[in-house]
Amino acid sequence: MSRVRVTAPHAFPRSPAQGGRRSLESREAAQDSEVGQVFVRSLIRSQLRLALVVAGGFLLILAAFPLILVVVPGLAETRIGGLPFGWLLLGVGIYPVIGLSAWLYVRTAARNEARYRDLAGEP
Amino acid sequence: MNAGVAMAAVAVVSLATAIIGFYGLRISRTTGDFYVASRTVRPWWNASAIGGEYLSAASFLGVAGLILLSGTDALWFPVGYTAGYLMLLLFVAAPLRRSGAYTIPDFTESRLSSRTVRRVTSLVVVVVGWLYIVPQLHGAALTIHIATGLPSWVGSVAVVVVVCLTVVAGGMRSITFVQAFQYWLKLTALAVPILFIIFVLAGHGAQPQSAPAVNPTDLAPAGLYQNVSLLVALLFGTLGLPHVLVRFYTNPDGHSARRTTLIVLGLLSVFYLFPTAYGLVARMYAPGLARSGQPDAMVLRLPGELVGGMPGDLLSALVVAGAFAAFLSTTSGLVVSLAGVISQDVLGGSVRGFRLAAVVSAVVPLGFAFMTGSLALAGSVGLVFAFTASTVCPVLLLGIWWRGLTDAGAIAGMLTGGVLCGGAMIAGSVTGSVQTPAWLAQPAAWSVPAAFAVMVIVSRATSHRVPATMPRIMTRLHTPERPLATERGPGGQ
């Protein structure tokens, strides 16, 4: 069994295996132009805006859950299927909200990237 | 609890871990396998592995114990652990994958073009890793002592030995298989006993001894500040955990990194239903377990308490096996990522260096674990999250999203966060858990904003130090990878 010496790159590692060095450099050359940088900046802005909106929306819902329990007296102790509503809301109900936020984000982020590809003229 | 059955369970899990590790050894022979499994791991495998690695002693034992103690207040722990992954997905997953860096120090060095930043980041990452391994070893000590009656140290030493053997033998590739296996083992080991218990309780028509809202001890409930501060720590701490981040490099591209995270969120959501169920059942049917002084042991004791006899022994053994899988998987994930950092920075990045570094990364926290007493597991892991959120998180978030970050700002911010949060942790452990004021016990709410603020202010003051490579690197972080086989000539627009 032959052993291979693994050397981790100290400098910034080059591209992920596929595509190779040449394609990465040509991609970056294209994006270095002034027009290319405008597109890149607008992509970063829209991705950041998207992330902040999803995070903000999620945190609002997260804060609303315990607030509902405090504001509506007796709601936390109301039994649904034998279990107190407060437990169901915080112990079970929050996870679908997390999943839905994540799914919306992944879909929209991919769409932003597709639009960038169109603008930047990449295939 | 039947000691023989429990010991057999621990032995089987350790053996299975080792065997899968050695099986992985046969196929991990190409360059790069040792660090990041060649980035060819499928999303489902990878997601299971991330879940397996992330669900530590705190999730497996600690969360249920805290829920038993403080009821719905403690539900913020599982919610925060899961929502932390949402934040990771939103702000970090795809850009970090596209950076192409192997470790967090690789990322900061390349983003800020500075060797000094690299050294500071490495130091922080190693501290985080060691702090995080210690509670795993405490959990193992507790589990072994309760399950088999052997002295506590046997548990910690067993975990370190198995982890060293697996990591030294196979590197990341075999670890991926081990971790994926361990997620499903942990889920089964929690789900089967609690479902069986609920079935038995329902079958006997057992009457609850206590209402879910009644706290079994006179422990003071957590205030609003503590809950908010805890959530800040968990939400922003997850995206800086070294063993979690290294997993993202095993995705083929940025989009699949996002898809993997989406699957992970599903896996975590399913998993955390079960510690919640344990906590609720224990509050209603066995509140006496809270008064033993070891709430972390509740999950281990509940099957024996409520089922008893041979079925109780077997279910307990299953829980013990799952708990051991939790200690092994989190510790090995941390050891792999720490060994990656230490071997690159100190030992020159050879396979031999990686192995040596792996042993060092596992043995040092063993010393810490012997020197310190076990606190509540979920609480001590929560503090590690606070530390990560105050150090690694700001440098990652600002590095990915803000063009103005400089090396001086990054270093000043990380040191500020580390000193503030670390100081609070030390002060808290000196004064003891009862007397510590809330702001000191949960420092994240002020130490995280302080770290961000210092990082931004110092970067602004040293804006001439923004590296010339910045626009190119920002482009790489955020633009989608080109689809396969679409080579084009240079300069094409």
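I number residues from 1 along each chain as its sequence is written, and I letter chains from A and number ligands from 1 in the order in which they are written. In this predicted model, local features need pLDDT of at least 70 and side-chain atom pairs count only at pLDDT 80 or more, while totals for chains, interfaces and linings use all residues.

Chain A. I looked up the elements and found 3 helices and 2 strands (DSSP runs, H or I of at least four residues for helices, E of at least two for strands). Their order along the sequence is α-α-β-β-α. Of the 123 residues in chain A, 24% are buried (20 or more other C-beta atoms within 10 Å of the residue's own, placed from the backbone).

Helix H5 of chain B. I checked residues 76-91, a helix of 16 residues. The distance from first C-alpha to last is 21 Å, close to the 22 Å expected at 1.5 Å a residue (1.5 Å times one less than the number of residues). I find 16 of the 16 residues of H5(B) buried, so the helix is largely enclosed by the rest of the structure.

H4(B) against H14(B). I took H4 (residues 57-70) and H14 (residues 309-345); their axes come within 8 Å and cross at roughly 135 degrees. Ala57(B), Phe60(B) and Leu61(B) of H4(B) meet residues of H14(B) including Gly322(B) and Phe327(B) (C-beta atoms, placed from the backbone, within 7 Å).

Methods
Axes are lines fitted to C-alpha atoms, for helices over the stretch in contact, and angles run from 0 to 180 degrees between N-to-C directions. Two residues are in contact if their C-beta atoms, placed from the backbone, lie within 7 Å. A residue is buried if 20 or more other C-beta atoms lie within 10 Å of its own, exposed if 12 or fewer, and partly exposed in between; C-beta atoms are placed from the backbone.
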